[in-house]
Amino acid sequence: MATNTFYFPVLWLVVAAIVVGILAVISGIHFFQHTAAKNQTVREKTPRQLAVLKRLLWVLETLTVLLVAGGISAWYIDSSAEKKTLAELRARLVPAFDPAKIWEAPDPYLAQTDANAEMIAYGRDLIAHTQDYFGEQGLVRPGSINQLNCQNCHLDAGSKPFGNNYFAVESTYPKMRGRSGTLETIPRRVNDCFERSMNGKPIDTTSHEMQAIAAYIRWLSTGVPKGEKPKGTGLMEVPFLDRPADPARGQQVFAAQCASCHGADGQGLPMPDSPRRYPPLWGPGSYNQAAGLFRLSRFAGYVKANMPFGASYQNTQLSDEEAWDVAAFVNSKPRPEHPFLNQDWPDISKKPFDHPFGPYKDTFPQEQHKFGPFAPIVAFYKK
Ligand code: HEC
Ligand code: HEC
């Protein structure tokens, strides 16, 4: 590859210079013949020279045709070889699926060289910097979401193991979901997060933006076979406590480990050396009560593997107790109400154990569905 990129342009220049030189000689000969044709003395005095020139002309013209044809076929062979090398390299970069291994994001080279590269890049930017497009000063539809970016909850634009990633979206959607009681496509699922986590309006499923988000999410599952959910997908499952999660203890965790970025009032402080802010954890700019993070197990799983910022599943910072308690504290603070209470979970027996809104198919109090202990509820439904 490296030799091609240097060698070929130089070779092209040399060939082109030779062709131009020959063409100049050819037109010189033509000019001479033309003059000779009009001048009888020249014609009579140089018959042999004129015959030689005629043959030379024939040789030069043939040479030109050969050079041009040869050049074109060399260029064609070279570019198809390059295409083949690219395809081989791409094929080598698609990871082999291994259900025992924590799944990682595909190599970015695969996105850059994809036929759909522009859409994938736009989708990634929409997810990483959602405010730039839909926030107060947004370029696409200003003022139509809260103060969050998708990436605040789907870390590294949805590509971090146990960072609420999108690795299993393409492989498991369309999916029958208990929350809506319907078969949900990827755009429908994306709009769920627009209406709940982003507390905003859904976007047109045929829009350029939705197509880009879907293209990016699809690309992220490169190498994941249909129906498979790779290890490390979504969120961590934090072991249950045998007591209810405690907002008062959670408040202490919050003050010690969260307030330095999210602010003592939970509204998010300005980021140092950046025009952006840390995201708010509650209040009108945060996710509403219909969002996934409003369920304690989702919140605990999210923070366990990702917070304080910099934590990962290999390097967790919070104990299980701290994760559950801080979840109880944050989700006890005020936030926008549930806009779909009457539509969600049409079959109430499908409500998850930590869905904090009755009625339920069981007799556990709503308080226990919100804070736990959850093991007895899970055991009840297993029976
Ligand atoms: C406040 C946090 C938050 C924000 C912001 C957010 N999401 Fe989500 N999203 C979640 C949670 C939580 C889940 C469900 C995870 C689970 O149940 O395991 C989820 C699930 C999803 C899923 C389905 C994943 C799967 O494997 O089934 C998609 C797709 C998705 N979100 C896209 C988006 C997009 C696109 C945006 C921005 C427009 C966004 N989300 C913003 C929290 C958020
Ligand atoms: C060092 C700064 C820092 C600390 C400390 C920190 N966070 Fe975060 N938090 C962030 C950043 C940055 C994001 C957004 C991540 C991104 O966009 O990549 C975030 C996002 C979040 C989100 C999802 C977005 C939202 O606003 O709902 C939650 C929930 C969250 N943090 C909870 C916590 C909790 C709980 C703690 C304490 C245990 C904590 N964070 C400590 C920086 C921090």
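Analyst: Valine 14 belongs to helix H1, which covers residues 2-38. The model is a predicted one, and within it valine 14 is exposed, because 10 other C-beta atoms lie within 10 Å and the limit for an exposed residue is 12 or fewer. Between valine 14 and alanine 81 there are 67 residues of sequence separation and a C-alpha to C-alpha distance of 22 Å. According to the domain assignment, the protein comprises domain 1 (2-93), domain 2 (108-220) and domain 3 (247-348). The centres of domain 1 and domain 3, taken over C-alpha atoms, are separated by 71 Å.

Ligand 2 lies between domain 2 (108-220) and domain 3 (247-348), because both give residues to its shell. That shell holds 27 residues, and the closest are Cys258, Cys261, Pro279, Pro308 and Phe309. At least two residues each are supplied by helix H7 (150-153), helix H12 (247-257), helix H13 (259-262), helix H14 (296-306) and helix H15 (320-330). In terms of residue class, the shell around ligand 2 contains 20 nonpolar and seven polar residues, and no charged ones.

Ligand 1 has a shell of 26 residues, of which Cys150, Cys153, Cys193, Ser197 and Gly292 are the closest. Two or more residues come from each of H7, helix H10 (186-195) and H11. H10 provides the largest share, with four residues. Domain 2 (108-220) and domain 3 (247-348) each contribute at least three residues to the shell around ligand 1. Its residues fall into 17 nonpolar, seven polar and two charged.

On the H12 side, the contact is formed by Pro247, Arg249, Gly250, Gln251, Val253 and Phe254, and on the H15 side by Glu322, Asp325, Val326, Ala327, Ala328, Phe329 and Val330. This contact of H12 with H15 is made up of eight nonpolar, two polar and three charged residues.

H15 is largely enclosed by the rest of the structure, because nine of its 11 residues are buried. The buried residues are Glu322, Ala323, Trp324, Asp325, Val326, Ala327, Ala328, Phe329 and Val330. They pack against H12, H14 and helix H16 (366-371).

One joins glycine 358 and proline 359, with omega about 0°, and proline 359 is placed in the loop between H15 and H16. Another runs from glycine 372 to proline 373, with omega near 0°; proline 373 sits in the loop between H16 and helix H17 (375-382). Most residues other than glycine have a negative phi, and most peptide bonds are trans.

H11, which gives residues to the shell around ligand 1, takes part in a further helix pair. Helix H5 (residues 117-128) and helix H11 (residues 208-220) pack with their axes 7 Å apart, at an angle of about 100°. H5 is thus roughly perpendicular to H11. From H5 the contact involves Met119, Ile120, Tyr122, Gly123, Arg124, Leu126 and Ile127, and from H11 it involves Glu209, Gln211, Ala212, Ile213, Ala215, Tyr216 and Trp219. The classes represented in the contact of H5 with H11 are 10 nonpolar, two polar and two charged residues.

Aspartate 156, in helix H8 (residues 155-158), has a phi near 50°, a positive value in a residue other than glycine. With 14 other C-beta atoms within 10 Å, aspartate 156 is partly exposed. Asparagine 164 likewise has a positive phi, about 60°, although it is not a glycine. Asparagine 164 is located in the loop between H8 and helix H9 (169-172), and it counts as buried because it has 23 C-beta neighbours inside 10 Å, where 20 or more are required.

Conventions:
Residues are numbered from 1 along each chain as its sequence is written. Chains are lettered from A and ligands numbered from 1 in the order in which they are written. This is a predicted model: local features need pLDDT of at least 70, side-chain atom pairs count only at pLDDT 80 or more; totals for chains, interfaces and linings use all residues. A residue is near a molecule or strand if its C-beta atom, placed from the backbone, lies within 6 Å of it. Ala, Val, Leu, Ile, Met, Phe, Trp, Tyr, Cys and Pro count as nonpolar, Asp, Glu, Lys and Arg as charged, and the others, Gly among them, as polar. Domain bounds come from an automatic or database domain assignment. Two residues are in contact if their C-beta atoms, placed from the backbone, lie within 7 Å. Axes are lines fitted to C-alpha atoms, for helices over the stretch in contact, and angles run from 0 to 180 degrees between N-to-C directions. Angles under 35 degrees count as roughly parallel, over 145 as roughly antiparallel, 65 to 115 as roughly perpendicular and the rest as oblique.
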